[in-house]
Amino acid sequence: MSNVGQGVGGASSARFRLSLPWSMALVLMVASGFAALGYQIVWTQQSALWLGHEAAAVLAVVAAFFGGLAVGALALGPRVDRSAHPRLWYAACESLIGLWSLALAFALEPLAGALLQFIGPQPAPVWHWSVAFGGTFLLLLPATAAMGATLPAMERALARLTDGGTPIAALYAGNTFGALLGVLGSAFWLLPRYGLGATAGICAALNLGCAVIAWKLFPRTSAGISPERVPVAMEDAPKVLRLLAATGLLGIAYEVLVVRVLSQVAENTVYTFAILLAVYLVGTALGATLYAGRRHRFDRGDGLRDTLCLILAWACLAGILALTAAPAVKGWLLAALGASLASALVAEAALALGAFLLPTMAMGVLFSHLATQGRLAGVGFGRALGVNTLGAALAPLLFGVLLVPALGPGLALLLVVLGYLLLSSPAVRRRPGFWAPVVAAAALTLWMPSLAFVAVPPGGRLLSHAEGVLATVSVIEDAQGVATLHINNRQQEGSSATRLADARQALLPILLHPAPARALFLGLGTGVTASAAAQDSHLQVDVAELLPEVIAASPRFTHGLWGQGTVPRMHVMAADARRFVRAGSERYDVIVSDNFHPARSGSGALYTVEHFRAVQARLTPDGVFCQWLPLHQLDLDTLRSVVRAFLAVYPQGWAMLATNSLETPTLGLVARGDGGHLELDQVRRRLATAALPFTPAEFDIDDEFALLGTFIAGPQALSAFAGDAPVNTDDHPVVIYSAPRITYQPDSLPRDRLVSLLDATHIDVDELLRGAPDPAWRSRLAAYWSARDRYIALGRSVRPSADVRQMLAQVRGPLLDILRTSPDFRPAYDPLLRMSLALARTDAAAARALLQDLLQVQPARSEAAEAIRLLDAGAQNR
């Protein structure tokens, strides 16, 4: 059992005797806390698979966790208090936690599948969140309710081992310390190494071990508790319970809001969440320890409560101010510590400490004090814990789902401050000391820097900004007028200046299908990619995009792009991509999945075997699936895991490049639904008859060589490249743990990774095409592939220069050699043509010589001959 994020309780002032059973009780509470937070991490990732996003899973699991604790404490706590056999209760609860968690490890996939069908592919927001919170609560209820009864049962079981009462604060501190170990151990060791099921099994073994030890160690029966008789009126019990509920609500609201704000500053990886939760637990454990060690000195009445409420208000205000400085603090720390994984994690921990440490310590002391007051007023600890966690269970829905989109995280945090101030007694509100934090909060409301962090470049401007339930979405324009899309203050793929590259990510897949009628795009981004496909008058395009705010922002990028205000034949749906694929039934001729950043929240689940298999079920027999991957955001080891997952479903898959970019290389994993090959005649016919308002040549797809020349690897080469890398699955999501490494500490340039990939792979014509084209054509395609690889390798070594002569000195010979290798390889022709035209302004003779070389190596191209004609005409006119 673990009271995550609220602090821990103190009870009697009686001194306790240190004994073996008591020492073992602390060990049990540490082990139980470890298991509880291990489960929370596991359940969050498992729930994200059907809820669609890790942020949604965090809100739903936190609410379900605390809701279950409340049910257990309220429903079972009184029965535990009355029981003469608390040992039995404790052992039974620990056993139930372990057994139910084991059952979930094996049955969660079919259960989540049923919930996924129940929620539907495109649910309305009210239905989505109702099923998300309600379904998660019911799934976890047996285990979480049992967790809610373990601490009351432990308190009763230890009653005979103390002089008049059980030191609950010490037990709770041990439990919270175990929870801290559970967060860090699960996120940084167990889950990356063993996966979700095995981690749940380890945690279940801890629970079952706790049950056995408690059964053997503790007395068979327990005497009733004899608390100290301190004059606290019984009519104070309702007031204490109200305060416990309110502090539970405000404590978890603060956690939810701080995590939301820091998602815009920290890297927002699985490690980020673990660090934030760990620091939260450190604060609550310190608060518990402080109260446990000094409980004899603390005031038993309302005075301490009022003082702590004021302290919490000031502490939260300090935490809010720390949040406003978070980007600067992170930048300073990274500059001071250098670029490394350790320094990045230290920076994120520092941000968490600034926002969490003081408030959570005060929360820990306040909860301990209220639990003590409640017990002295006749409120059992189980009831006190249940009411507190019930308030905590409401916070994710109230603050995370309702208030953040309506008010923004800054004002919602100030509501938390106001809430703590209102918890103080009426007498305190008449004192000058009460109004100081009120005035400070009012000043922050008027003048606080925005907690919606948006990095606007010099000379740029913010075009739009929207706070959603799951993320913050902005559109920023730089000084050159280039607009970019940002989610949680991070630029997404594509911009108003990347039309060619973005459109190719749609055109390449749809041109590989002989006659597509329906296409599905998973992820919208700027909308340029999907809208390019929708220009095909024979193609209906569906788009599943998780964030409604992204849908609202995309017209800024697509409006007028294709000569029209709206994009016909494109149906955009606010739906999670993974859930839409698994819950729907329509079949598609082409499915294109966006190049999601693998380290970001929830994205790793879109690269698993299970997801790829679900996509396969939605393809027509001759359908084409293309999964784009951002090689500039992937290290090669993580890529190997994704490739192995892809090949597990599509063993005859290929790899292609969206463009020849060295800075943002984008890799596509491509396969047909039936595992078949492409047919050359169909490719030629498709290029000739594509019902597009533009020619594919406008996007550098001039002919079949330009289209098929994008392929870089066949199934054999991909299999050899992947080797024995761990397969990315729902149960063992290795990508979300390995991908952050290059985010925190880039160890190579994208161009280096691209060249290494090309060196490690190859493709043969027979792996790609059905039948045997004539030898001459086969040689031309093979020459095209060779020229492309040499072109990319050349770009890796070239030093950019604004001086055309310096550039020519580096690339003239190599590019001409590439053109001699493959006259069909246009990308080597165009830069030389552009440089010749630039050179013509200052040195016509040198320009003419370069154009003559181009005409010699590619006589079929007319551009060089036309440029020579213009040069000669200009010379005659002069």
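The model is predicted. The protein chain has 878 residues, and 60% of them are buried. It holds 33 helices and twelve strands. With a radius of gyration of 31 Å, close to the 29 Å that the globule rule gives for 878 residues, the chain is as compact as a globular protein of that length.

**Overall build**

- Taken along the principal axes, the C-alpha atoms of the protein chain fill a box of roughly 110 × 55 × 45 Å.
- The secondary structure of the protein chain comprises twelve strands and 33 helices.

- Strand β10 spans residues 654–657, and both of its faces are covered.
- In a regular strand, side chains alternate between the two faces of the sheet.
- Trp 654 and Met 656 lie on one side of β10. Ala 655 and Leu 657 lie on the other. All four of these residues are buried.
- β10 runs antiparallel to strand β11 (residues 666–672), and four bridges join the two.
- Trp 654 has Val 670 as its bridge partner in β11.
- β10 also pairs with strand β12 (residues 711–713). This pairing is antiparallel too, over two bridges.
- Met 656 has Phe 711 as its bridge partner in β12.

**A nonpolar surface patch**

- Five leucines form a nonpolar patch on the surface: Leu 407, Leu 411, Leu 415, Leu 418 and Leu 422.
- Together they have about 400 Å² of accessible area.
- Helix α12 (residues 409–422) gives the most to the nonpolar patch, with four residues.
- Leu 418 is found in helix α12.
- The relative accessible area of Leu 418 is 40%, so this residue counts as partly exposed. Patch residues need over 30%.

**Cysteines without disulfides**

- The count of disulfides is zero. A disulfide would need two cysteine sulfur atoms within 2.5 Å.
- Cys 93 is in no disulfide: the nearest cysteine sulfur, that of Cys 210, is 12 Å away.
- Cys 93 is buried, at 5% relative accessibility.

**Positive phi angles**

- Most residues other than glycine have a negative phi. Two exceptions follow.
- Arg 569 is not a glycine, yet its phi is positive, at about 60 degrees.
- Arg 569 sits in the loop between α18 (555–558) and β7 (570–574).
- Is Arg 569 buried, exposed or partly exposed? Its relative accessibility is 29%, so Arg 569 counts as partly exposed.
- Asp 700 is another residue other than glycine with a positive phi, near 60 degrees.
- Asp 700 lies in the loop between α22 (680–689) and α23 (704–708).
- Asp 700 has a relative accessible area of 37%, so it is partly exposed.

Note on methods. Residues numbered from 1 in each chain as written. Predicted model: local features only at pLDDT ≥ 70, side-chain atom pairs only at ≥ 80, totals over all residues. Heavy atoms only, no water. Patch = residues over 30% accessible without salt bridge, like charges linked within 9 Å, V, L, I, M, F, W, Y side chains within 5 Å. Areas by Shrake-Rupley, 256 points an atom, 1.4 Å probe, with all protein chains shown as cover. Salt bridge = Lys/Arg side-chain N within 4 Å of Asp/Glu carboxyl O. Buried < 20%, exposed > 50% of the residue type's maximum accessible area, 1.4 Å probe, protein only. Pairing = 2+ DSSP bridges. Rg over C-alpha atoms; globule rule 2.2 N^0.38 Å.
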